[in-house]
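Here is a quick tour for anyone meeting this structure for the first time. Have a look at the model, then read on.

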Amino acid sequence: MSSMISVSGLSKSYASGTRALDAVDLDIRKGEIFALLGANGAGKTTLISIICGLVTPSSGSVLVDGKDIVRNYKAARAKIGLVPQEISLDMFEDVISTVKFSRGLFGKRPDPVLIEKVLRDLTLWDKRHAKSMELSGGMKRRLMIAKALVHEPEILFLDEPTAGVDVELRRDMWELVRQMRKEGVTIILTTHYIDEAEEMADRVGVINKGRLILVEEKETLMKKLGRKTLTVQLADPLKAIPPALADWNLSLSEDGNTIEYVFDTKAERTGISALLGRMADLGISYRDLNTQQSSLEDIFVDLVRTPMEAAA
């Protein structure tokens, strides 16, 4: 699959001495949904801003569908729609005028049918004559999305698009994302809602302290780095974990009725059979067993906590 965005050796340092990005290399494929995860200040917004031509890199290059974002800014930027974190609107302008103006900025001819479709998709058509100041916070966010879509971009950046918005908007947003992907649009999102990345993304990138520490297919990542937790429901409560079970590093619930054992899915031996055998030897019986796969959030936390070991 061809690359829609190619980032090579990208670094950004500010006059204050802060190094926001450090030698980032990244290829984003045409038509995929790519989730960029990282804590506040990790470099997500800086990376997006450079790709969109809003911030000048200290070194490195960015190609957008083969066009250099610095040397061929206009052609490259025309392919990109951006929904930033911060809401930026002319509060005295009405909704439909705002959207028409955004389309005109990219040299696009008027298209009333398209504009109506975008506004209807975002439940804004009935508010088309309302001024931005009259909209709720969720409606303002919808208008920001409409502005990003109205020039028909081939690439859409969503920088924390659903942070602090209502559940209905989140649902509408992801339905729209799925539809755009079917139409071939490349989508890059950053989000604090890791469940969204887990549900939506094809690939996941993790950025920490300006370095891209991992890029992986989502399913492969979860299989490669995921852990499972074995939960043992005991027939009779324990007051403490017996010393004879110390090798398994078990945890006991407060009521003494449940033991949990976290094991590595990559390990040649999980230790479960040996654990259950030792429990039988000690006369510890159980009523039920179940295992649970670690979530993408668990993996993300582990990666950020120990990035060097995770990347090795």
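## A helix across the strands

Contact here means heavy atoms within 4.5 Å. Axes are lines fitted to C-alpha atoms, for helices over the stretch in contact, with angles from 0 to 180 degrees between N-to-C directions. Helices (H or I, at least four residues) and strands (E, at least two) are DSSP runs, numbered from the N terminus.

A word on the source: this is a predicted model, where local features need pLDDT of at least 70 and side-chain atom pairs count only at pLDDT 80 or more, while totals for chains, interfaces and linings use all residues. Residues are numbered from 1 along each chain as its sequence is written, and side-chain values use heavy atoms, leaving out hydrogens and water.

## The big picture

The protein's secondary structure comes to eleven helices and 14 strands. Of its 312 residues, 45% count as buried, meaning under 20% relative accessible area with a 1.4 Å probe, protein chains only. Among contacts with a separation of 6 or more, 69% come from residues 24 or more positions apart.

Another open sheet has four strands, in the order β2-β1-β4-β5, and its pairing is antiparallel. Here β2 (19-29) and β5 (67-68) stand at the edges with a single partner strand each, so one side of each is left without a neighbour in the sheet.

Two strands pair if DSSP finds at least two bridges between them.

| Strands | Bridges | A bridge pair |
|---|---|---|
| β1 (residues 3-13) and β4 (residues 59-64) | five bridges | Ser11 and Ser59 |
| β9 (residues 203-208) and β10 | six bridges | Gly205 and Val215 |

## Two helices side by side

The axes of helix α3 (residues 95-105) and helix α5 (residues 137-149) come within 8 Å and cross at roughly 30 degrees. α3 and α5 are therefore roughly parallel to each other, a label for angles under 35 degrees. On the α3 side, the contact is made by Val95, Thr98, Val99 and Ser102, and on the α5 side by Leu143, Ala146 and Lys147.

How values were computed. Angles under 35 degrees count as roughly parallel, over 145 as roughly antiparallel, 65 to 115 as roughly perpendicular and the rest as oblique. Buried means under 20% relative accessible area, exposed over 50%, partly exposed in between (1.4 Å probe, protein chains only).
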